[in-house]
Every structure is written in C-alpha cells, then in structure tokens.
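Please look over the sequence and the three-dimensional structure shown here, and keep both at hand while you read the paragraphs below them.

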Amino acid sequence: MPTIKSTYNPSYFLKNTHFNTIFRTFFAQESVNYTRERMNLSDGDFLDLDFIRNNSETLLIALHGLEGSSNSPYIKAISKHFDLQGIDICAVNFRGCSGEDNKFLYAYHSGKTEDLHEVIQYINAKHDYKNILIVGYSLGGNVTLKYLGEQKFDIPMNVKSAIAISVPCDLASSSTVLAQKHNKLYMKQFLRTLKKKILLKSQKFPDSFIDIERIKAAKNFKDYDDAYTAPAHGFKDVEDYWAKNSSKQFLNTISIPTLILSAADDTFLSNECYPTKIVEENQHILLEVPKYGGHVGFNSKVIGKNGFWLEKRVLDFSTSIINN
C-alpha cells in the first residue's frame, strides 16, 4: 500500500527531534502495575514477561528497543493506555534486560525472532486470546517485522496485526548514521550499558572469546557488534549479522495488517530505513512518515494530559483491524 498521510502535528518545542526523543524519559513517566512471569525457553534460558490482565479477549505484546525493558517510558505509556481500554498487555523483557543477566554467553539481538515466537506459543498454551497484537519499538520493531516476514515460522491465526515504530530496518546504514557526531550522546549511553553487561559476561565465562580491551575500546555499533554480537550469536562478522537480520528484506512476505511508523526527522534512521517502494508492493503494510516525531517520540504536547498521540495511534490502528 502507499505511504499514508499522518495526523501527527506536535506543539512547537516537540518539533525539535532531540527534545521529542528524550521528552518522555524526563518529563512524562507513567505508572503501571505489572505481574511478572518467568518463561523458560527451549534452549534452557529464560525471559521475564510483565503482564497486565483485564480478562480481555485481546492481548498486546510490547517489544522494547535496544537496552530497554518493560520499564522503558514508551512501554509503560502503551501499557497504561491499553490497560485503560481494558486490553491485556504482555511487556516482554529481552534476554538480560529484566534486571537479571540471562544464563548464556549470548543474549538478544536485532533479529532474534525465535524468542518472540516462543513467547506467542507460551501465551497461546496458557490463554485463549481471540486477538494478539504486536507493537515493537526500534530494535523491537525490527524483530517484529522480521518475525512476520520469515517463512520458517507458522504464525498463529490469532496474531491479527502489528505496528513497528522507529524501525532501523536496514541495520548497516542505520548503524552508520548512529555513529555520526549528532548522535554522539545516544551512542555513548547505548555503549555504556552494553559494555557493562558484556564485561559481566566475561567474568561469568572467563574462557570465552570475549576480548575485554576490545569491548572497552568500542566507539560505535560496528566495533561492538563485531567484537561481541556477531560471534556470540553465530555470525561470521558484523556485516554478516547486519545483512541477515535487517527486517527490510522480509517485508515483501508479511501477510497480516502491519503499520510501520517512523518520523522523517528520526536521527537514528538512514534513508534506507524508509521502505517506500517495498510497501507499495505489499497490500498488507502501511507506511506512515510524519515530518516530526524524533526516535520513539511522537509526543504531541509538552503540558497537559492529551499529549500521547503515539499511544492513540497504536490503539486506533489495532482496534480498526480487530473490529473490521
């Protein structure tokens, strides 16, 4: 389907991409009450899933971005918004992101779709949901799109729709953009927490391939992914990891209603992360590219209770599918 026109029109200060990106972290935190369940994975590892239950026939699965968690402001915001509508929520914490390190040397990455598949199987084995909706943010959006387009998965019939927000669907070019000077502070924050986790793993697995000095010296994702992510997850090198896990190549086989929502001013994304041509050839995908929004921002007001445009957009798209 063609790119659709967006209704997003933020107030003046939120037209600044960086302010919109960081706004929720510092100024608009939501309070939610989760119930945590530990899910055992088929490889012997675990995931911590945070639920809000309303005895609904519909469940929203929310996937966070790089180094996020169920406590990320955007995950709490969508959880709160759907909770107020009486919809159940499952906020997934990727491996090592719930406050406790996972069991193995490897953890999560931009294309680890097997874990999402197991989450859906786990939920369907315990509950009888009529509708499952998926929303993924940034890295979680890439996981979402890749999962939906991969032919190796038998996606359950009750998975009705998906939304991918601020998606780096071309990992190589996005990583290049993130390494640029205007993203220096974001890169520094990402690497700070990533390095801390890997240094812990090097202590747990002293005989592993991890080169501590190389990890400490990493200045960008190319350095980091080549030193840890690629070898830890069985890829030849960083280019092999990026090439095999970019969701862009899987978009043409997505067969459920899917919205890709990425702002034109998102400083994390390259031009290649706006898949206009591919979307035009797939009737199941809509691409929405507001002029503003930042990275996982889309706040609409600095002051007031009605500034959660993103959450309303996710809800409106999702309910339009299941009520059709």
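Predicted model: local features only at pLDDT ≥ 70, side-chain atom pairs only at ≥ 80, totals over all residues.

Residues are numbered from 1 along each chain as its sequence is written, and side-chain values use heavy atoms, with hydrogens and water left out.

Helices here are DSSP runs of H or I with at least four residues, strands are runs of E with at least two, and both are numbered from the N terminus. Among the buried residues of helix 4 are Asn142, Lys146 and Tyr147. Another buried lysine is Lys201, with a relative accessible area of 2%, and its place is in helix 6. Lys201 and Phe104 are 97 residues apart in sequence, and their C-alpha atoms are 8.4 Å apart in space.

The next topic is charged pairs. A salt bridge is counted when a side-chain nitrogen of Lys or Arg is within 4 Å of a carboxyl oxygen of Asp or Glu, and by this rule the count comes to 20 salt bridges. One of them joins Glu30 and Lys80, whose closest N and O atoms are 3.4 Å apart. This pair links distant parts of the chain, 50 residues apart, with Glu30 in the loop between helix 1 (17-27) and strand 2 (35-40) and Lys80 in helix 2 (residues 73-84). Glu37 forms a salt bridge with Lys126, the closest N and O atoms being 3.2 Å apart. Because Glu37 lies in strand 2 and Lys126 in helix 3 (residues 113-126), this pair ties together parts that are 89 residues apart in sequence. Glu37 is buried at 16% relative accessible area, whereas Lys126 is partly exposed at 46%.

A further salt bridge is formed by Asp115 and Arg95, with the closest N and O atoms 2.7 Å apart. Asp115 lies in helix 3 and Arg95 in the loop between strand 5 (88-93) and helix 3, so parts 20 residues apart in sequence are tied together. Asp115 is buried, with a relative accessible area of 4%, and Arg95 also counts as buried, at 3%. Salt bridges that share partners also join Arg36, Arg38, Asp48, Asp50 and Glu100 into one network.

How many disulfides does a search of the whole structure find? The search finds 0 disulfides, a disulfide being a pair of cysteine sulfur atoms within 2.5 Å. For Cys90, the nearest cysteine sulfur is that of Cys97, 14 Å away, and Cys90 counts as buried at 0% relative accessibility. The sulfur of Cys273 is 4.7 Å from the closest cysteine sulfur, in Cys169, and that is too far for a bond. Cys273 is buried as well, at 1% relative accessibility.

Finally, the surface carries a patch of positive charge in which Lys181, Lys184, Lys188 and Lys219 gather. Patches are made of residues with over 30% relative accessible area and no salt bridge, with like charges joined within 9 Å and nonpolar side chains (Val, Leu, Ile, Met, Phe, Trp, Tyr) within 5 Å. Lys181 is found in the loop between helix 5 (171-178) and helix 6 (184-204), and Lys181 is exposed, with a relative accessible area of 78%.

Technical notes. Areas by Shrake-Rupley, 256 points an atom, 1.4 Å probe, with all protein chains shown as cover. Lys, Arg positive; Asp, Glu negative; His and termini not counted. Charge placed at Lys NZ, Arg CZ, Asp CG, Glu CD. Buried < 20%, exposed > 50% of the residue type's maximum accessible area, 1.4 Å probe, protein only.
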